[in-house]
Amino acid sequence: MGWNLLLILYIVALIGCCMGFKNYIWFLNVGYGGAVALLGVAMIVMMISGTLPLNVVSIIQCVLFLGYGLRLALFTLIRDLKNKNYQKVVGAEFGTDMKFFLKFIIWIYCGALYVAEVSPAFFRLYNNSGFTPLQIVGLVISLIAV
């Protein structure tokens, strides 16, 4: 089932969302974008290295993961750091301390969640599924989201 590859993707997702240890809110916004972007890159690397079958449509999907993730991570990071109105809305919770154990639990959960969110693309590659028109529908939806 490719558990070793899923473990690699999970570690990549954990790296992508680790900035939440600085501010726990970032696990869910900046970290989400970072994890999705890195997961897209990781799957491209797996395809280029021959670990996963090379599929042009899947490469496009992974590039869209990268673009979406970078756009989201940069937008939320800039908003969180520069926008005083946003900081007022978030209020006292912005940047407050949280126990390390709770941050660790959130981090572990978010890493698994972000891998699960991109897993359809991974399983399509892993099972060497052929091209279907539904893939184009998914690419169009992803392109609109970016």
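Let's start with L6. L6 sits in helix α1, which spans residues 3-16. Helices here are DSSP runs of H or I, at least four residues, numbered from the N terminus. This is a predicted model: local features need pLDDT of at least 70, side-chain atom pairs count only at pLDDT 80 or more, and totals for chains, interfaces and linings use all residues. Residues are numbered from 1 along each chain as its sequence is written, and side-chain values use heavy atoms, with hydrogens and water left out.

Is L6 buried or exposed? L6 is buried, at a relative accessible area of 12%. Buried means under 20% relative accessible area, with a 1.4 Å probe and protein chains only. Now look across to I48. I48 is 42 residues from L6 along the chain, and their C-alpha atoms are 17 Å apart.

Next, the cysteines. How many disulfides are there? The count is 0, where a disulfide is a pair of cysteine sulfur atoms within 2.5 Å. Then C110. For C110, the nearest cysteine sulfur is again that of C17, at 5.7 Å, and C110 is in no disulfide. C110 is buried too, at 1%.

Last stop, S142. S142 lies in helix α6, residues 133-145. S142 counts as buried, at 18% relative accessibility. Which residues does S142 touch, beyond its neighbours within four places in sequence? S142 is in contact with Q61 and L64; contact means heavy atoms within 4.5 Å.

How values were computed: Helices (H or I, at least four residues) and strands (E, at least two) are DSSP runs, numbered from the N terminus. Buried means under 20% relative accessible area, exposed over 50%, partly exposed in between (1.4 Å probe, protein chains only).
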